[in-house]
Amino acid sequence: MSDMPYEINVGSRYVKTRGGSGFVSFISAISMLGVAIGVAVLIIVLSVVNGFERELTDRLLAMSSHATIEGLDDRLTAWELRREDALQNPRVVAGAPYVEDRALLAGSETVSGIVVRGVLPAEEASVADLDVIAPDGSVGALESRAYQIVLGDALAKALDVAVGDRVTLMVAEGTVTPAGILPRMRRFTVSGVFRAGMYEFDRRYAFIHLDDARRLLRLRDDVTGLRLAVTDMFEAPAIAREVAIAQGGGVMISDWTRRHRAFFRSIQVTKSILFVILSLVVAVAAFNIVSTLVMVVRNKRADIAILRTLGASRRGILSIFVSQGSVIGVAGAISGVLIGTLVSLNLEMIVAGVERVFDITLLAEDVYFISDLPSELRLGDVGFVVAIALALVFAATVYPAWRASRTNPAEELRFD
């Protein structure tokens, strides 16, 4: 252990130029830059994937709920008693009734298929984050029998309507008349526009008051189901089962992980694939150190021979060149962490600036689930990336260092 400071000192000096000017040699700088870029890119990409996952979860839960209980025939009776029973579970925070059905919404010239949801504003606020999707309070201001409707902003644009305009809502259930079966319809006034930030919701969903929805669908006092908020959203499947069993069954249960399983599974698969692919970039950059050390070993054969004659062991020579490669790798990894962290923390601002300068849209909201590029830096990911990078760097130093330790002093100094 007493030789370690000397070995590290010699290895660090080999990183520099022969003149000792302090500048990193060109080949070492290239290797260091490669590791830095690989680590930075990997951190940035993982942060973007984490940001997508976070935004997707937040925006889905702003429109959806942790769990739902529905009737077997899309009709849940005695929902007040069922909600009271559900709230007996200590892990259930709140419950809100809702009515949901597919419908057609007609503007002045355009008709669009939608999902209409009837809610009680005060109750809905306890299971969904209405302030996120409708900060102007339009959903919370819905009144019974006022026949008001709140549209997603993309839906309002598609129908070419604004607040105060009149639209016609038509549901699938018809009304029998002497002229035949006519679709059931009602005129509504657009009272607000919400934005969930996900095109799927902003283009397809509309809110009305629960009483208006029940009257339109002729549900009387019944509802489609109950939306539940729980203490731990990751335990939502188990909690929903507990509530259903406590109510004696006869209901359908669902939760946010089941309804949107494909989204989150695709994110996890994408994250794993990107990590493997970008780790190969780090590996290529790390193994550039092999060529660097091989060149140094060839240039320093006489120095190695002199050190051996002065009593340096093969293990000491091995440690010198492992130290040299480690200095390059550690410096590159630290630089990559700093660059990746800086970019990840300011990515949304950087993307907005690029879009503004070049007048382009990197994420079209009608193609992707969200219209901006979120980022969430996680220390666990940074630590894992650094550990992988350093492991590859240390692995890359072993062979050249071993070759250096096998140098024969007599052979190298024969003609000197």
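Helix 9, spanning residues 236–246 of this predicted model, holds the buried residues Ala-236, Ile-239, Ala-240, Val-243 and Ala-244. Viewed along the helix axis, these buried residues fall within an arc of 135°, so they line one face of helix 9. The face turned away from that buried side carries Ile-245 and Ala-246, which are exposed.

The buried residues of helix 9 pack against several other elements of the chain. Among the strands, these are strand 1 (67–71), strand 2 (92–106), strand 8 (225–230) and strand 9 (251–255). The helices they pack against are helix 3 (79–87) and helix 10 (256–259). Just after helix 9, Gly-248 takes a positive phi of about 85°.

One of its residues, Val-357, lies in helix 14 (residues 347–358). Val-357 has a relative accessible area of 64% and therefore counts as exposed, the cut-off being over 50%.

The protein chain as a whole contains 16 helices and nine strands. Of its 416 residues, 46% are buried. Among contacts with a separation of 6 or more, 79% are between residues 24 or more positions apart. The accessible surface of the protein chain comes to about 21,000 Å², and carbon and sulfur atoms account for 59% of that surface.

Methods. Residues numbered from 1 in each chain as written. Predicted model: local features only at pLDDT ≥ 70, side-chain atom pairs only at ≥ 80, totals over all residues. Heavy atoms only, no water. Buried < 20%, exposed > 50% of the residue type's maximum accessible area, 1.4 Å probe, protein only. Helix = DSSP H or I, 4+ residues; strand = E, 2+ residues; numbered from the N terminus. Arc of directions from axis to C-beta. Contact = heavy atoms within 4.5 Å. Areas by Shrake-Rupley, 256 points an atom, 1.4 Å probe, with all protein chains shown as cover.
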